[in-house]
Amino acid sequence: MADTRPTAGASAGAAGRTPAAPPVVVPDAPPAPRLTSPQRRGTSVAANLALAVVGVAFLVPLAWILLASVDPDATVSVSVPTRPTLEHFSTVLTYDLTFLPLWNSLVVSGGAALVTVVVATLAAYPLSRYRMRFNRSFMYVILFGSCLPITAIMVPVYALFVALGMLDSLLGTVLFLAATSLPMAVWMLKNFMDGVPVSLEEAAWVDGASAMSALRRIVVPLMRPGIAVVFIFVFTQAWGNFFVPFVLLLDPAKQPAAVSIFTFFGTQGAIAYGQLAAFSVLYATPVLALYLLVQRLAGGSFALAGSVKG
Amino acid sequence: MSAPAGATAPAPARATGRGDGGGRLVLLARLAPLAPTVALMLVFLAGPIAYALYGSLTNTALSGYRAADPEFVGLDNYSTLVSSGEFWQSAWLTLLFVLASAVVGQNVLGMVVALLLRAARGPLRSLVSGLVVTAWVLPEIVAAFALYAFFSGDGTLNAVLGLVGGEGAGGTAWLVTFPMTAVILANVWRGTAFSMMVYGAALAEVPPDLAEAAALDGASGRQRFFRITLPLLRRSIGTNLMLTTLQTLGVFTLIWVMTGGGPGTSSSTLPVLAFQEAFRFGQVGYGTAIAVVTLVVGALFATVYVRVLKPEVD
């Protein structure tokens, strides 16, 4: 039966409701053959109609972002601009408003993804390669940690950061984000690594290579797509995270785009909707592009399967 | 590093060897790569949890002298919590939010869209699934602003209602009058993609011959779905319910941007209330106690989830 347990998605619980660890599945499998063909035609027309309704409901809020970003008289309501303009983009494309926050986002998300991938790959090796009694309990902790809503408790995290003197520290934020993505990353990478045959390493061991050099020279190159998928998952998740940097970073010069968009637009009386939408487009495009890249890399259900198989 | 060359994996005998110093050294060397993971998880995951348990027993404040020198107050925060109407209201709102938007909304709509995608034909399928997924991949704050615009007084929803319903139909201030309805629908919009993908993958694995056999026996489409497909998807449904529940329990940004938990606290779920108590009213200790309650609820669900997935680990 269908063993579709999206552990990849567990991270969403772990690191806030972000496009966390998208299980890369294109629900495009051909429909099961039906027996009666006239009925089938009727069904597919009805299904197309229903699907169109769903599609419109999902399209409208998305369309607002795109249309408002080029509408000189943007409001909160969707309308097709009579004379489209790029003036909102040129207004927001300044150092303080766009480039610095996006750079901060890049530093925070890139840092978190890099730390997570390196640390989790190391951890995955003994978990995948040695059969130890310890492994099972460790995997339970990992699984448990991957779905605990840790980012729902930013109040004690804030208090802890105050106590450690790490408030307003980019490094602290990066490490916290990495730690919250680690359970999911270890789980996925361990399962990817299980798919790399041990026999290749055995040959290296015979030649006198240590476990770590076998990991670096043989295992890591073989699971490059899997590592890339995990990197992008963590990056996307951190890029979209608002709550963590909102609480942990106070200095506007350090805040990533998620926070700067809120402090700039969310607290002003009269919101400049056109600029808000233009900024949203600039800020959201990288993660949408990365998502497409993951689908390429992962080739259908590969990522899901990798994260799911025990 | 130092795992010996002869250590052909898997080597259970040597790994679990006890008593002799060599075995213990080998074990240590093998566990060494786990150290950074363990360290990070201890400091940044176990740390906040331990700190939450302790902090909820103090009267820590955000500023002033109780920030620097908090007092131990025992279970005072919890007794305040239990006798506070605001807390029970928030617990109820959280339950409502999770049930309506995750358990019912995302799961049912996700399943429906997954079924429609299988039944429909043509390019509409990839278009619609692309739109649903985009709503989910988008950074949460962008989604929150888009939905704020959609539901606000002069927003698209009211514009459409005004067109369809005529006079007075589009005058509702959704975010003020029905804040919970707005954030629940928003969370359905935001999170349905996940359930859709899970169910899409699960449906693809249901062997078609079972449904065909039932159809030959005269079972209707509805009977085939409820008596054959649904029971076969039991496990996927169970895990998906668990995961969407846990995700929804932690939702903060969507509600914070759309309503700020308001008007008043009428849309403050537990994470939002904890934040308000700590950062708006300066009661960090009290806010921490609310966080502990949220965490305990999350931990209960997580335990069930781990139990369901037990065969995966073994």
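## Helix pairs in chain B

In chain B, B:L270, B:P271, B:L273, B:A274, B:F275, B:E277 and B:A278 of α16(B) touch B:V284, B:Y286, B:G287, B:I290, B:A291, B:V293 and B:T294 of α17(B). In contact means C-beta atoms, placed from the backbone, within 7 Å. Helices are DSSP runs (H or I, at least four residues), numbered from the N terminus. This is a predicted model, where local features need pLDDT of at least 70, side-chain atom pairs count only at pLDDT 80 or more, and totals for chains, interfaces and linings use all residues. Residues are numbered from 1 along each chain as its sequence is written, with chains lettered from A and ligands numbered from 1 in the order in which they are written.

**Exercise 1.** Work out how α16(B) and α17(B) are oriented.

*Solution.*
- Start with the angle: helix α16 (residues 270-280) and helix α17 (residues 284-308) of chain B pack at about 165 degrees, axes 7 Å apart. Axes are lines fitted to C-alpha atoms over the stretch in contact, and angles run from 0 to 180 degrees between N-to-C directions.
- The pair is therefore roughly antiparallel (over 145 degrees).

**Exercise 2.** Do likewise for α11(B) and α14(B).

*Solution.*
- The axes of helix α11 (residues 179-204) and helix α14 (residues 234-249) of chain B come within 11 Å and cross at roughly 160 degrees.
- These helices are therefore roughly antiparallel too.
- Residues meeting here include B:N187 and B:F194 in α11(B), and B:S236 and B:N240 in α14(B).

**Exercise 3.** Find how many residues each chain gives to the contact between chains B and A.

*Solution.*
- Chain B gives 111 residues and chain A gives 104.
- On the chain B side, the largest share, 12 residues, comes from helix α7 (residues 124-137).

Conventions
Helices (H or I, at least four residues) and strands (E, at least two) are DSSP runs, numbered from the N terminus. Angles under 35 degrees count as roughly parallel, over 145 as roughly antiparallel, 65 to 115 as roughly perpendicular and the rest as oblique. Two residues are in contact if their C-beta atoms, placed from the backbone, lie within 7 Å.
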